[in-house]
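Please look over the sequence and the model before reading the notes.

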Amino acid sequence: MTSEPSVVEVTLESDLKNVEVAEEIARRVAGTAGFSEESAHQIEMALHESMINAIWHGNKNEASKSVWLRFEIYNDRLEIRVRDQGNGFNIAEVADPCSAENLLKVSGRGIFLIRTFMDEFHVKHFPGSGTEVTLVKRIQPPHQPTQGGTDREHESHNSTS
Amino acid sequence: MSMKATIRQVDSVIVVDISGRITLGEGCAQLRELVRDQLAKGNKRVLINLADVSYIDSSGIGELVSAYTAVSNQGGQLKLLKLTKKVHDLLQITKLYTVFDIHDDEAKGTASFEKS
């Protein structure tokens, strides 16, 4: 069942100040989509990390470049696309920040947090024009139990899964 | 909301009360400078109070790790005080919860330096 999504699209100047602008949009979109406060915070953090990657690593903090954002609210999920004008990165080369040899490294946790907080994370390269990441968070139907629910809810979950 | 930090001394321990956001840019730079200053003054017992931190990102976590390593490398100790649920969860997810010595009570936190 796929219906036309509600769409919010914005292009922001590649400036770290705009990370908070993007977060504010994400907060509103997540609220409109009906996410819980905790899920909304996870979406906001995932977008924050994606914006940092786009501005800092992708666009090399050049204000002349821009970051394109698109939010699509479907019945069952929110999809967020973040596109920069950089050369991209190889997702396979992103190290596990939780492994013993990386645990005390200063950087390298951004992608890990995005993957932790979202249900799907995809990277697409557009040679010569930039890199686009897609973040997907599924919307839990109101009657479906969530983590940390009551025993009764867990029973219901178990019996239907 | 940007990051604010105030410093006070409790016995031999430097308590740093941080509020706001510890994120890439100003917040991280401020924390780095602050820890560097304390080490330059010979203060190697640092307790960072995160009770009023509303937001911390991957760079902020990295900055805490960097501060921890810098103080440890000089023979000192850096500990954390009063994590909010969000910061607590982030340290759990990133497996750093076991790296840092974390306290909920300031008196016990400052006293823990004396024992070590």
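The notes below are grouped by topic.

The model is predicted. Chain A contains 4 helices and 5 strands, and their order along the sequence is β-α-α-β-β-α-β-β-α.

**Overall make-up of chain A**

- Of the 161 residues in chain A, 31% are buried.
- Among the contacts in chain A with a separation of 6 or more, 63% are between residues 24 or more positions apart.

**Helix 1 and helix 2 of chain A**

- Two packed helices are described by the angle between their axes and the distance between the axes.
- In chain A, helix 1 covers residues 17-33 and helix 2 covers residues 37-58; their axes come within 9 Å and cross at roughly 150°.
- Because angles over 145 degrees count as roughly antiparallel, helix 1 of chain A is roughly antiparallel to helix 2 of chain A.
- The crossing of these two helices of chain A is right-handed.
- Helix 1 of chain A contributes Val19(A), Ala22(A), Glu23(A), Ala26(A), Arg27(A), Ala30(A) and Gly31(A) to the contact.
- On the side of helix 2 of chain A, the residues met include Ile43(A), Leu47(A), Met51(A) and Ile55(A).
- Sorted by class, the contact between helix 1 and helix 2 of chain A has 10 nonpolar, 3 polar and 3 charged residues.

**Contact between chain A and chain B**

- Chain A gives 16 residues to the contact, and chain B gives 14 residues.
- On the side of chain A that touches chain B, the elements giving two or more residues are helix 2 and helix 3 (110-117) of chain A.
- Helix 2 of chain A supplies the largest share of that side, 5 residues.
- By class, the side of chain A that touches chain B has 9 nonpolar, 5 polar and 2 charged residues.

**The sheet of chain B**

- Chain B has an open sheet of 5 strands in the order 1-2-3-4-5, with mixed pairing.
- Strand 1 (4-10) and strand 5 (102-103) of chain B stand at the edges with a single partner strand each, so one side of each is left without a neighbour in the sheet.
- Strand 1 of chain B runs antiparallel to strand 2 (residues 13-22) of chain B, and 7 bridges join them.
- Ala5(B) stands opposite Ile18(B), which lies in strand 2 of chain B.
- Helix 1 (residues 26-40) of chain B packs on this sheet and touches strand 1, strand 2 and strand 3 (45-56) of chain B.
- The direction of helix 1 of chain B makes about 170° with that of strand 2 of chain B.

Key. Residues numbered from 1 in each chain as written. Chains lettered and ligands numbered in written order. Predicted model: local features only at pLDDT ≥ 70, side-chain atom pairs only at ≥ 80, totals over all residues. Axes fitted to C-alpha atoms, helices over the stretch in contact; angles between N-to-C directions. Parallel < 35°, antiparallel > 145°, perpendicular 65-115°, else oblique. Left-handed = near helix turned anticlockwise from the far one by under 90°. Contact = placed C-beta atoms within 7 Å. Nonpolar A, V, L, I, M, F, W, Y, C, P; charged D, E, K, R; others polar. Pairing = 2+ DSSP bridges. Buried ≥ 20, exposed ≤ 12 C-beta atoms within 10 Å, placed from the backbone.
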